[in-house]
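I opened this structure to learn how the chain is laid out. I kept short notes as I went.

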Amino acid sequence: MKKKSLALILLIISIILIGLNFKLDLTGNVAQGRYASFNIYTIFGFAFLIASFILFISRKSLDLIIIPLGDRMMNRAKKAVDYGGRNTRYMISGEIGKAELKKSQRKEVYDYLRGKGVKPKEIMVSGGKDSKGNIKCSFQKLKKLNKLEDMKNIGISSSPLHLDRLEGYVNNLKEEGKID
């Protein structure tokens, strides 16, 4: 069950439980509402209400966000930083051309991440010559560094069209046995 659905169900249950304890007197032209008593329904109602609010405002951060280089790479980097949490690591993926490191796209994204407060130990770099190669190299590097077991929630920062292609690449690489 998705977190938002569970939060909505808990919210509805809490309203019902709190409502069970609310008396409404309609006499003449005066409507009065008051609590009958503070009992177990009220306690559970407020507990479910608090739990639903926590579920609504909480979000699970990713363990790793892969940022593919190429067109709109700075938009990808911005989205990655916006979505990343305290413990998120970032992987800059790709080698575009033969530019020296100081002028490369990898350096631009690295500098952007550093400027946003991401520590150097939280940034990894992998390379590939195209999108499929970037994904393959990224997962191979994680496997080589024995980081894949620690990182269960991995995201890719990109546009929806590009993500569809990347998802296809990931599925193909899994079928070929090149990544797990």
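**Entry 1: the whole chain.** I noted first that this is a predicted model. I looked up the secondary structure and found six helices and six strands. I then read along the sequence, and the pattern came out as α-β-β-α-β-α-β-α-β-α-β-α.

**Entry 2: cover and contacts.** I checked burial next. Of the 180 residues in the chain, 33% are buried. The chain exposes about 11,800 Å², with 57% of that supplied by carbon and sulfur atoms. I also looked at contacts between residues at least 6 apart in sequence; 65% of these join residues at least 24 apart.

**Entry 3: strand E4.** How many residues of strand E4 (residues 89–93) are buried? I counted five of five.

**Entry 4: E4 and E3.** I turned to strand E3 (residues 64–68). E3 pairs with E4 in the parallel sense, over five bridges. At Pro 68, I found Ser 93 of E4 standing opposite. I traced the chain from E3 to E4 and passed through helix H3 (residues 73–83). This β-α-β crossover is right-handed.

**Entry 5: E4 and E5.** Which strand do four bridges join to E4? I found strand E5 (residues 123–126), and E4 and E5 run parallel. I looked up Tyr 90 as well: its bridge partner in E5 is Ile 123.

Conventions
Residues are numbered from 1 along each chain as its sequence is written. This is a predicted model: local features need pLDDT of at least 70, side-chain atom pairs count only at pLDDT 80 or more; totals for chains, interfaces and linings use all residues. Side-chain values use heavy atoms; hydrogens and water are left out. Helices (H or I, at least four residues) and strands (E, at least two) are DSSP runs, numbered from the N terminus. Buried means under 20% relative accessible area, exposed over 50%, partly exposed in between (1.4 Å probe, protein chains only). Contact means heavy atoms within 4.5 Å. Accessible areas come from the Shrake-Rupley method with a 1.4 Å probe; for residues, only the protein chains shown count as cover. Two strands pair if DSSP finds at least two bridges between them. A crossover is right-handed if, with the strands pointing away from the viewer, the path from the first strand over the helix to the second runs clockwise.
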